[in-house]
Each structure stands twice: as C-alpha cells, then as structure tokens.
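Reader: I have a model open on my screen. Can you walk me through it?

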Amino acid sequence: MKTMYRTHTCGELNGQHVNEKVTLCGWIQKIRKLGGMTFIDLRDRYGITQLAFNAEQNPDLCKQIEPFGREWVIQVTGIVTERYSKNKNIPTGDIEILVEEIQVLNESLTPPFTIEDESDGGDELRMKYRYLDLRRNPVKNNLMFRHKLGIAIRNYMNNIGFVEIETPFLIGSTPEGARDFVVPSRLTHGEFYALPQSPQTFKQLLMVAGFDRYFQIVKCFRDEDLRSDRQPEFTQVDCEMSFVTQEDILNTFEGLLKYIFKEIKGIDIEPIERITYADAMRFYGSDKPDARFDMRFVELNDVLKHRDFKVFNEAELVVGIVAKGCANYTRKQLDGLTDFVKRPQVGASGLVYVLCQEDGHFKSSVDKFYNQEDLRAVAEKCGAQAGDLILIMAGKTEKTQKQLCELRLEMGNRLGLRKAGEYKLLWVIDFPLLEWDEETQRYYAKHHPFTAPKPEHEAILETEPGKVNANAYDIVINGTEVGGGSIRIHDKNMQKRMFKALGFTEEEAQRQFGFLMNAFQYGAPPHGGIAFGFDRLCSILCDADTIRDFIAFPKNNSARDVMLNIPSPISEAQLKELGLK
RNA sequence: GGUCCGGUAGUUCAGUUUGGUUAGAAUACAUGCCUGUCACGCAUGGGGUCGCGAGUUCGAGCCUCGUCCGGACCGCCA
C-alpha cells in the first residue's frame, strides 16, 4: 500500500539537500550509459534531476533499469549527493540522486518525436500528439505564461471593483457579424442554439442589472476561416462599465495594459498615443498601424497630377512613403519591391520609385514624364533627403492605401524597423459607425449594432449615415488589433433607429433583439466597454507569430482537431433524435 | 471560393534543375564496447507504398493531369 508518491519535485533539489533521502516521480528524459555508470535525467514540469547508478556498487539496480526507455514514468528513492562534475546549465546541476530503489509506474512507447526544446517533430505530428508536445518546455512555458497573464488580469480587475460573471454558451443565432456555430435542439426539432461570438448582449443586460463593472475571461466562437492569429474558438477578456465616458474607459484599460506590461514583462510603457481612424487610414493606410516605425504616407495628388502621366492623372489617390537611406537600392531590389506589390495577395499593378541621389539628382521610374524640378517637389513634400528612396502608388483610394500599407510593413521588415521586444501601443478612435457594402447594397455596423453614434452625429443617422462616427475604439499593439470596444446604445428608440439604418424591419429587430430593447425600458444606464483578444495578447507579449502556441489544444488550418480527428459524423440514432434525419 | 508553398526512413530533410544501376544524410531506435556523462563517445544493424490515382516513356521519387493531406495568405472574420 503506497502512502506517498514523492517528497520533492524534479526542479527543487540543490546543494542544501545533500544527504537527504528523497523520493521523486517523473518521466525519463534521457538515459546515458557509460558502461560502469548510468545516468538518467528525470523530468517533471518543474525541472530535471539527474539520477546516478553505479554498476559496481549496485549491480541489481543497473540490471533493473536495463530495459527502461524514454518517457517511462518512474518513481525513485535515493540520497541527494553532490555531483562529481557539476552542470552549471540547470538549477539542480549541483546534485544528483544516488538511487537505492526504483519502481516503474508506467512504461511508454517510443514517442514519435523528441521531447526536447528543439523538437524534431513537425507541426502536424506535434498536434496529433499534443499531450506529448505539451511536455516540451517551450509549449509548457507558453501555457504557464497564459496562466500568469490570466491571473494578473483577474487580480487587477478585482482590485478596481470588476466582478467576473459567467454568461451562457447556448444562445440564439443572429445574422449580423461572423457566422455562428449552431447546436441543434433535441427538444424542439428544427430549432437551434448558437454559440456566442461574444457575450455582448449579456454584458449589456448585466449593466441594466446594475453590475456596473463586469468582466469575464471567456471563450467565444466564430465559424470563419482560420489564420495563424484566428481560431474558431478563442478567448476574450470581455469588459463593460456603466456611467462612463469613452475617456473613462480608455483610461481604465490603459491602466490594465500598463499593469500587465509591468507585471508580466517588467516594461514601463509610455502613455498610449491616440489616433483617429481617419488619420490612421490617411497616414498608415490601415486601422491597425504598426507604429513602431514612422514612414507615414504622404499624399502627392497635387504635385504629381499636372504632367502627362495617365496612371497618376486618372488615380483617385497618389501616395508615397520614404524609405530612409535606400537610394542605393539596385535595380534588382527595386524590381523585387515591384514584384512584392504585384503579388496577388497585394494586387497592385505597379510601383513608382524616386531615388534621391547623394549628388542632389533624382532618378525615377517615371523620368519620361517628370523633370528634376517635379521630382524635387515630390521629395520636398515627402520630406525626403539625399540618400532616400520614395515609393509611390496610385489608384482607388481604399485599395491604394491597403497596398501601400503592405509595402510599408514590408519595408519596415527589410529595414529592421519592426523590432521584437519593442512595444508600441496605440488607441485608434473615432471609428465610423457604419460601413457601406457594395455587394448587398446596405450599411453594416463597423463595430456592432449596439454601438452608439457620437451624440453630435445622432441627427444625421438617417440622412447621412456614412458620415456618422462612433465613440468606438481599438487598442493596437505593433500592428495587431488586440482589443476593441465602444460606448453602447442604452436607449430603446436609438437602438430602433440603429436597426432601421442597418436595414432591419421592425419585426426582425423585435424578434432578434427584442429582449435587449425591452430591457432598455427598465432603466438602462449609459454604458460602454471593451474586449481584448486574450490569445493574441499572449502571443504579442511573447513576440510569437501564432496564437496556436498559447492554446493547449488548438485547431488546424481547416478547423480540425487532428488529435481527436474531429469534426466527425454522428450516429443515425443521434441524427434522428435531433430531428436532422 | 481563390493564390502560393510543401508531402521521400519513426522524425527532420537532401535528391526533382537535365527521367537511367542498389533512393541518401542527420537524428531517433536496436545491439555491443565504454566509471562522470549531461547534445556523452565509438562500432554495428534494422528501418522506404518516394501521399494516392491515372497518364507520357523502353524506363518516373523526378515530367503531365487529377485527387487527398498539411502550411501561409487573399476573400471572410460586426
């Protein structure tokens, strides 16, 4: 009858424990047989401790460990001994266990890849055996990091009076926003639940209920295609407050971010700069600019549209960026940049360059159309100096901004301006309330349909919907949107007007969101909030380029779990029971 | 829905440019030697449906077409 499995973990023994009798449990990381001596590295989540076996002193034990292999689970009892030759690389490197007794708790097959920091396993294989992958330090540390971040957030939010409240996962489907995951109802055939894309309406109802500071670290679900930073189920830090202005919210969560960076990374971040959506688009061509480097857009319509160059003359926008010190780019490099913007993913038809040469002359790909004076005017407007390279694109405003944004980021990469370990946070504010969609010929909510128009724009909601701005904001870190929120509508009539602007009939609005508008009739306080992408926050804080590394059991590119091999069919009986057959 | 890249030993990859004898390396695994290793070392050995299917050819890992799987991206993600 076993009374105790272990007295210590594999990460805690050191010189102070010498001569103590200890019992350890763990996995065999590595066996090194040197003839008379055998060493086993025993691993658990806390570290590695070396076990030593001497054939002369203890031949029976050495015989017993003969068949042992990697990843077997064993329990050993022995004496902590100072090492003959110490290992400075690990915390337990001063000691080893002189084993007296050993017991196999479980054998293991040879794992399909090495359980080491630099594993030989590929992504797919590691996902298929994720439980083995999770034994590796890098992945384990990522999950530990996630845990730490979660604790930090909960501590901070608790300290400033936020209450964590759970909201349901089985809710109703709504047409707005992302595609819903749906769950068939067994009790009412032909009817469905949906999994929440976010707890949006529930947190608003909690405001009506008087929980004026709510938060929740919560799973959300969206049935859309995946990316390295997008999973069908992901985690949000969802927050909402009552009786607050946008200013209150930005300040409150700037405090949270400041705390996180200090607590988790030991970094004191600068006060977070703010930029309007309009300026973000104008200067960076993106609503989530990487502000670690400047390289702002300069509009060049007025200095480049007076000559005979059709491409510019017919363009809605002619816009350039300055790449400092790149005037020495070779023809090959310039062609490389042109190829970059011509890739289907960027989709530009071309790229114009102006080299500001050291001797004061300008050389461009449009010398046929523009003289030195013209090009000097361009350089002046861009603030380019001798030695700089100006890159210019032209076309429809939105498309061109997007394309130049891609080029700007690419140049940032090439010039090493997007440094890992450097963090630039940015509030993007004053988002438009609505966005026109050509395909369906209607307005969509840019943020979501519960976002309030700016009070000064309320009057033109019906007449000029496209010009209405909202007190909506995103928090952007190094070019990644890690959170967003808004001041919400808390008035039934305003909410009705909003649904109307989105093309809902009154019946549709009532059927889908009647519960919310009803609630607004019972003293809904003014409120607003924000939600952070928890997985993204983890990956950004660790300079990782994928959120998968921070999720214990993520889905692959096709939304499959290759370990469980799901999604998978269900039985005829189940289908029948759910009324799907 | 689209574009691009990849699929060869348990694993990570080379080999495909220019089709040609028995498809290699590293690592992992097994066996032997080795008393201070900690990326131990040395020696030996086993291990291959070259993703799958069709086609071209005297001959296909290599060329063509299709298909499946994986990855990155565009569309999509209020």
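Reader: Which base atom of RNA strand B does a polar side-chain atom of S198 lie 3.5 Å from?
Author: A base nitrogen. Keep in mind that this is a predicted model, where local features need pLDDT of at least 70, side-chain atom pairs count only at pLDDT 80 or more, and totals for chains, interfaces and linings use all residues. Residues are numbered from 1 along each chain as its sequence is written, chains are lettered from A and ligands numbered from 1 in the order written, and side-chain values use heavy atoms, leaving out hydrogens and water.

Reader: What about Q345?
Author: A polar side-chain atom of Q345 lies 3.1 Å from a base oxygen of RNA strand B.

Reader: And where does G122 come in?
Author: Through its backbone. An N or O atom there lies 3.3 Å from a phosphate oxygen of RNA strand B.

Reader: New topic. What is the strand order in the open sheet of eight strands?
Author: β6-β9-β10-β22-β21-β20-β17-β11, with mixed pairing. Two strands pair if DSSP finds at least two bridges between them. β6 and β11 stand at the edges with a single partner each, so one side of each has no neighbour in the sheet.

Reader: How do β17 and β20 run, parallel or antiparallel?
Author: Antiparallel, joined by four bridges. In β20, I475 is the bridge partner of W427.

Reader: Is S486 buried or exposed?
Author: Buried, at 0% relative accessible area. Buried means under 20%, exposed over 50%, and partly exposed in between, with a 1.4 Å probe and protein chains only. S486 is found in β21.

Reader: What does S486 touch?
Author: Beyond neighbours within four places in sequence, its contacts (heavy atoms within 4.5 Å) include H447, H448 and Y473.

Reader: How many residues of α15 are buried?
Author: Seven of eight. Among them are F534, L537 and C538. The cover includes α4, β10, α6, β20, β21 and β22.

Reader: What comes just after α15?
Author: D543, which takes a positive phi of about 55°.

Note on methods
Helix = DSSP H or I, 4+ residues; strand = E, 2+ residues; numbered from the N terminus. Polar contact = N/O pair within 3.5 Å; in protein donor to acceptor, adjacent residues only side chain to side chain.
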